[in-house]
Amino acid sequence: MKYWKYYLVALLVIAIDQLSKWAVHTYMQPGMPGEVPVFGDWFKLHYTLNPGMAFGFELPPPYGKVVLTIFRIVAVTGISYYIYRLWKERAPQGLLICIALILGGAIGNLIDSIFYGIIYDNAPFGVPTPWLHGQVIDMLFVDFPDGFFPTSWPLVGGKVIPDFPIFNIADSSIFIGVALILLNQTRFYGHQYQEAKPLAAEDPEAAQARHDAEATAAS
């Protein structure tokens, strides 16, 4: 597959992510009044704003958001080049698709950070400029039942079950890409070791022919 087609995968993720955020902002009310059940009470659409990173993590103000946005720009540039480099090295197609998913998710949230303070006027109160301070729109809510972990469980026994962070399509794309890479490390990166094997281990006849040619040249 041509290298530019992997960028199309990222573009598809961006399109779906941005369309979903536009629809949520346009047709849903923020918070609990606007919740839409999808699968019973455990999976819902819930419109909320996230000033930080994926799954609700946040860097401290006043410059945390600007630092995060700059980091995202650098990361997106690096990932874009990494896809082309992997393609030139004939990396497995599955690995390239996973990297493209990560790229698409990263750009999706980057668009929110740069432009949503202007487009949707959702920058936090008191920021020096709405540029680079846009809040990410999240809407996917996995609502675990409230309660406590069993006391017999190590480390977490007896503690309150935390609410799962509300996330979006971009977060999901990044998570899926990273998870698939971790689960397929041997398959995705094993080609590097295969290429490094001695030629004799892969093709004995070719190795013998090379040996004979070297012997003839020496004589």
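Trainee: What makes strand β1 and strand β2 a pair?

Mentor: Keep in mind that this is a predicted model. Two strands pair if there are at least two bridges between them. Strand β1 (residues 36-39) and strand β2 (residues 43-50) have 3 bridges, in the antiparallel sense, so they pair by that rule. As an example of a bridge, P37 has K44 in β2 as its partner.

Trainee: And which residue in the hairpin of β1 and β2 takes a positive phi?

Mentor: That is G40, with a phi near 60°. The hairpin has 3 residues between the strands.

Trainee: Why is T69 called buried?

Mentor: Buried means under 20% relative accessible area. T69 has 0% relative accessibility, so T69 counts as buried. You will find T69 in helix α2 (residues 64-88).

Trainee: Which residues does T69 touch, leaving out those up to four places away in sequence?

Mentor: They are L110, S113, I114 and L132.

Trainee: How do you know that T69 has a polar contact with L132?

Mentor: The cut-off for such a pair of N or O atoms is 3.5 Å. A polar atom of the T69 side chain lies 3.4 Å from the backbone oxygen of L132, so the distance is within that limit.

Trainee: Why does H133 count as buried?

Mentor: H133 has 5% relative accessibility, so H133 counts as buried under the 20% limit. H133 sits in the loop between α3 (93-119) and β3 (136-142). Its side chain reaches the backbone oxygen of T129 at 3.0 Å, also within the 3.5 Å cut-off.

Trainee: How many helices and strands are in the chain?

Mentor: There are 7 helices and 3 strands. From the N terminus on, they run α-β-β-α-α-β-α-α-α-α.

Trainee: And what share of the chain counts as buried?

Mentor: Of its 219 residues, 33% do. The accessible surface comes to about 13,600 Å², with 68% of that belonging to carbon and sulfur atoms.

Notes. Residues numbered from 1 in each chain as written. Predicted model: local features only at pLDDT ≥ 70, side-chain atom pairs only at ≥ 80, totals over all residues. Heavy atoms only, no water. Helix = DSSP H or I, 4+ residues; strand = E, 2+ residues; numbered from the N terminus. Buried < 20%, exposed > 50% of the residue type's maximum accessible area, 1.4 Å probe, protein only. Polar contact = N/O pair within 3.5 Å; in protein donor to acceptor, adjacent residues only side chain to side chain. Contact = heavy atoms within 4.5 Å. Areas by Shrake-Rupley, 256 points an atom, 1.4 Å probe, with all protein chains shown as cover.
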